[in-house]
Amino acid sequence: MNNQKINYFRKGKKFLGRIFRNLYFLIFLVGFLFATLLYFRVESNYEAELFNNIVENIRADSGSAISEDSFAVRSMHITHEMLANRSKIFGSVPFKDFKAGVIQPLTFDLATANGACGSFSIVLARILAAGNMKARIAQMEVDGVYGGHMVVEGKTSRGWVVMDPTFDLYFLRPDGKLASFADVSADWNYYKQQVPADYKPEYKYSAVRYTNWNKIPIMFPATKKVLDLVLGTKKAD
């Protein structure tokens, strides 16, 4: 039996050897890899140009001296304006093709808003990033489950400010400045008076996380610990 397995192994090795020695196969492999890299390069450049143009539009409408808070809020308004109607059309439509289901480019979220609050948030985060504002997606805890709703935080010179592009919502502190997630969470009774009529009451800023390291048990937490040791916790997050 062992000899039979050895023979199968040798035959398989010879077969693979003949394939990889075949010049035509190597040419095909190199061409395929080049075409794949070219596709992602073109897609990346197209995406970057789209979002740079959105930022230019925001600055053109608001003036060159636009403040950090104004840029963040205007970016949120534009995100909501672009995606709200598309979400009504495409929000419940399943997409099963390779590009939408596997590659999942950001342009797909921009065109369809098929990912609900996730699409709204990732588009807003990308606009902020194109405008040189650091952004992060916040996974809100809803009924004890993280990720029940997604919002975005942009980093200004005063710290993080929170925006909810799905509801075109931002919060103002008593001093008139934009509030952070921590501000809203600490005094929800005050800030809930600023939400729109169609707001879902379960989205009450009870808690938040910014990473998703527990999505796959054992493997993801173990990977996170290794990255924490190598990069430090902040960079790993």
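The legends below describe close-up views of a predicted model.

View 1. As a general rule, the strands of a sheet pair through backbone hydrogen bonds, either parallel or antiparallel.

**View 2. Strand 1 and its partners on either side.** Strand 1 (residues 135-142) runs antiparallel to strand 2 (residues 145-156), and 8 bridges join the two; one of the residues to look for is Gln 139, whose bridge partner in strand 2 is Met 150. The hairpin made by these strands has 2 residues between them, and within this hairpin Asp 143 takes a positive phi near 55°. Strand 1 also pairs with strand 5, in the antiparallel sense, over 2 bridges, and here Met 140 stands opposite Val 208 of strand 5.

**View 3. The hairpin of strand 2 and strand 3, with Glu 153.** These two strands pair in the antiparallel sense over 5 bridges, and they form a hairpin with 2 residues between them. Glu 153 belongs to strand 2, and its bridge partner in strand 3 is Val 162. Is Glu 153 buried or exposed? Its relative accessibility is 2%, and because buried means under 20%, Glu 153 counts as buried. The side chain of Glu 153 makes a polar contact with the side chain of Tyr 210, at 2.6 Å. Leaving aside neighbours within four places in sequence, the residues in contact with Glu 153 include Lys 134, Arg 136, Trp 160 and Phe 181.

**View 4. The largest nonpolar core, and helix 6.** This core has 26 residues, and those with the most contacts inside it are Phe 51, Ile 58, Phe 71, Val 123, Ile 127, Leu 128 and Met 163. The elements that give two or more residues to the core are helix 2 (23-62), helix 3 (68-90), helix 5 (106-112), helix 6 (117-130) and strand 3 (159-164), and helix 6 gives the most, with 7 residues. Apart from this core lies another, of 16 residues, among them Ala 138, Val 142, Phe 167 and Tyr 191.

**View 5. The surroundings of Ile 127.** Leaving aside its neighbours within four places in sequence, Ile 127 is in contact with Phe 51, Ile 54, Val 55, Ile 58, Phe 71, Ser 75, Thr 79 and Met 82.

Key. Residues numbered from 1 in each chain as written. Predicted model: local features only at pLDDT ≥ 70, side-chain atom pairs only at ≥ 80, totals over all residues. Heavy atoms only, no water. Core = buried A, V, L, I, M, F, W, Y, C linked by side-chain atoms within 4.5 Å. Buried < 20%, exposed > 50% of the residue type's maximum accessible area, 1.4 Å probe, protein only. Helix = DSSP H or I, 4+ residues; strand = E, 2+ residues; numbered from the N terminus. Contact = heavy atoms within 4.5 Å. Pairing = 2+ DSSP bridges. Polar contact = N/O pair within 3.5 Å; in protein donor to acceptor, adjacent residues only side chain to side chain.
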